[in-house]
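This report describes the side-chain interactions of one protein chain. It takes aromatic rings, the nonpolar core, disulfides and salt bridges in turn.

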Amino acid sequence: MNKIGLLLALGTATFVVAGVSLANAAAPGPVGAQVAKKDTFSIDSSGACKVGAECVLQLTLTAIDQKDPKTGQVTSFHVNKEYPYKFKATDTAGVDYTGTDEAGKNVFSKRSGDFSLDATNEKVGVMKVHFKAAKAGAMTIPGTFKLSVCSAENCQLETADLSIPVVVK
């Protein structure tokens, strides 16, 4: 397994309040902040969050095709639909994680229904991280995202250490 240390240096991750669609949510910062990128995948965060409300951080995993610079041949990648995706959030002051995975409230997984594949695009999957913030302001949601993307020939298992900046209104 490859381990990648990733940190978004600029920008603000935004969130979605549970029960409100992203299209109807008022986002306090940029929507679609990229929090990780590697040759074969990227991870973006999105949504809007308010103090004390049930918030849902959406981590969108997108598989990226690769073009061989010598031959020009493109290798297509997709999100591995068989993989047991998991995001384990690190304890953070002022954040109460509200996950339902049997491994703990700070664990979000495919098994507990937090990860879903895009039914119309095999290159996309979304992990939802549920939490409540105790106070307004800037904070960071750190954690480890275990994921997999595949080509027709093989699958890559990855571990991405994320540090996601958040602004809570």
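Which residues form one aromatic cluster? Y83, Y85 and F115 do. The model is predicted, and the values below are computed from it.

## Aromatic pairs

The structure contains 4 aromatic pairs. One of them is Y85 with F115, a stacked pair with 3.9 Å from centre to centre and 10 degrees between the planes. Y85 sits in the loop between β8 (78–79) and β9, while F115 belongs to strand β12, so this pair ties together parts that are 30 residues apart in sequence. Both partners are buried: Y85 has a relative accessibility of 0%, and F115 has one of 6%.

The rings of F87 and F145 are arranged in another way. Their centres are 6.4 Å apart and their planes stand at 75 degrees, so the pair is edge-to-face. Planes over 60 degrees apart count as edge-to-face. F87 lies in strand β9 and F145 in strand β14, so that distant parts of the chain, 58 residues apart, are linked. F87 and F145 are both buried.

## Nonpolar core

The largest nonpolar core is made up of 34 residues. Those with the most contacts inside this core are I43, L59, Y85, F87, M127, F145 and L162.

Leaving aside residues up to four places away in sequence, I43 touches A33, Q34, V35, A36, L59, T60, L61, F145, L147, A160 and L162.

## Disulfides

The chain has 2 disulfides. With bonded cysteines counted along the chain, the pattern is 1-2, 3-4.

C49 is joined to C55 with an S to S distance of 1.9 Å. The torsion about this S-S bond is about 75 degrees, so the disulfide is right-handed. C49 counts as buried at 2% relative accessibility, and C55 counts as buried at 0%.

The other disulfide joins C150 to C155, with 2.0 Å from S to S. Here the torsion about the S-S bond is about 105 degrees, so the C150 and C155 disulfide is right-handed. Is each of these cysteines buried or partly exposed? C150 is buried, with a relative accessible area of 3%, whereas C155 is partly exposed at 44%.

## Salt bridges

Side chains of opposite charge can pair when their charged atoms come close. The structure holds 4 salt bridges. In one of them K38 pairs with E158, and the closest N and O atoms are 3.1 Å apart. K38 is partly exposed, with a relative accessible area of 24%, but E158 is buried, at 0%.

K123 forms a salt bridge with D65, with 2.4 Å between the closest N and O atoms. Why does this pair tie together parts that are 58 residues apart in sequence? K123 lies in the loop between β12 (115–117) and β13, and D65 lies in the loop between β5 and β6 (66–67), so the pair bridges that separation. D65 is partly exposed, with a relative accessible area of 34%.

The side chains of D101 and R111 also meet in a salt bridge, at 2.8 Å from N to O. D101 is in the loop between β10 and β11 (107–109), and R111 is in the loop between β11 and β12, 10 residues apart. D101 counts as buried at 6% relative accessibility, while R111 counts as exposed at 59%. Salt bridges that share partners join D101, E102 and R111 into one network.

Note on methods: Residues numbered from 1 in each chain as written. Predicted model: local features only at pLDDT ≥ 70, side-chain atom pairs only at ≥ 80, totals over all residues. Heavy atoms only, no water. Disulfide = S-S within 2.5 Å. Buried < 20%, exposed > 50% of the residue type's maximum accessible area, 1.4 Å probe, protein only. Core = buried A, V, L, I, M, F, W, Y, C linked by side-chain atoms within 4.5 Å. Contact = heavy atoms within 4.5 Å. Helix = DSSP H or I, 4+ residues; strand = E, 2+ residues; numbered from the N terminus. Phe/Tyr/Trp six-rings, centres within 6.5 Å; stacked < 30°, edge-to-face > 60°.
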